[in-house]
Amino acid sequence: MKRILAAVVLSLFCAGFAAAADDADVVLPAKNGNVTFPHKKHQDMKELKCTDCHETDKGGKIANLGKEWAHKTCKGCHTDKGKGPTKCTECHKK
């Protein structure tokens, strides 16, 4: 019985942590200054889907995340939609 209770408590704790992570800004380290990505702001945009960045609609890690991917995907989207930062110092903060 104690094991079941411990498993339930641990599951609820992990679920709460995962939900909080969705609201958190993601900080991506970069040589010319870290990039702070407002995940919640992007989630709330109706025109975006999780699969625009993630491999599945469940989210998770982004395959090939790096300079080339970010410049093509993030900067490209900002340029195409005409909103969002596109200059180096607008994303990269030292």
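**A walk through the predicted chain**

The chain's secondary structure comes to 4 helices and 3 strands, where helices (H or I, at least four residues) and strands (E, at least two) are DSSP runs numbered from the N terminus. This is a predicted model, in which local features need pLDDT of at least 70, side-chain atom pairs count only at pLDDT 80 or more, and totals for chains, interfaces and linings use all residues. Residues are numbered from 1 along each chain as its sequence is written, and side-chain values use heavy atoms, with hydrogens and water left out.

Me: What percentage of the residues in the chain is buried?
Reply: Buried here means under 20% relative accessible area, exposed means over 50%, and partly exposed is in between (1.4 Å probe, protein chains only). The chain has 94 residues, and the buried share of them is 11%.

Me: And how much accessible surface does the chain have?
Reply: Accessible areas come from the Shrake-Rupley method with a 1.4 Å probe, and for residues only the protein chains shown count as cover. Carbon and sulfur atoms hold 62% of the chain's surface, and the total is about 7900 Å².

Me: How do the strands line up in the sheet, and which ones stand at the edges?
Reply: Two strands pair if DSSP finds at least two bridges between them. That gives an open, antiparallel sheet of 3 strands in the order β1-β2-β3. Each edge strand has a single partner, so one side of each lacks a neighbour in the sheet; the edge strands are β1 (25–28) and β3 (92–93).

Me: Over how many bridges do β1 and β2 pair?
Reply: Strand β2 covers residues 34–38 and runs antiparallel to β1. One of the bridges joins Asp-25 to Pro-38 in β2. For β1 and β2, the count is 4 bridges.

Me: What about β2 and β3, how many bridges there?
Reply: Asn-34 has Lys-93 in β3 as its bridge partner. The pairing of β2 with β3 is antiparallel too, and its count is 2 bridges.

Me: Which residue in the hairpin of β1 and β2 takes a positive phi?
Reply: The hairpin has 5 residues between the strands. The one with a positive phi, near 120 degrees, is Gly-33.

Me: What is the phi of Asn-64?
Reply: Most residues other than glycine have a negative phi. Asn-64 sits in the loop between α2 and α3 and counts as exposed because its relative accessibility is 68%. Although Asn-64 is not a glycine, its phi is positive, at about 65 degrees.

Me: Is His-54 buried or exposed?
Reply: His-54 is in the loop between α2 (39–43) and α3 (67–81). Contact means heavy atoms within 4.5 Å, and beyond residues up to four places away in sequence, His-54 touches His-39, Gly-59, Gly-60, Lys-61 and Ile-62. With a relative accessible area of 15%, His-54 is buried.

Me: What is the relative accessible area of His-78?
Reply: His-78 lies in helix α3. Leaving aside neighbours within four places in sequence, His-78 is in contact with His-42, Lys-83, Gly-84, Pro-85 and Thr-86. His-78 is buried because its relative accessible area is 17%.

Me: What separates the C-alpha atoms of Ala-24 and His-39?
Reply: Ala-24 is in the loop between α1 (2–23) and β1, and it is partly exposed at 34% relative accessible area. Ala-24 and His-39 are 15 residues apart along the chain, and their C-alpha atoms are separated by 6.6 Å.
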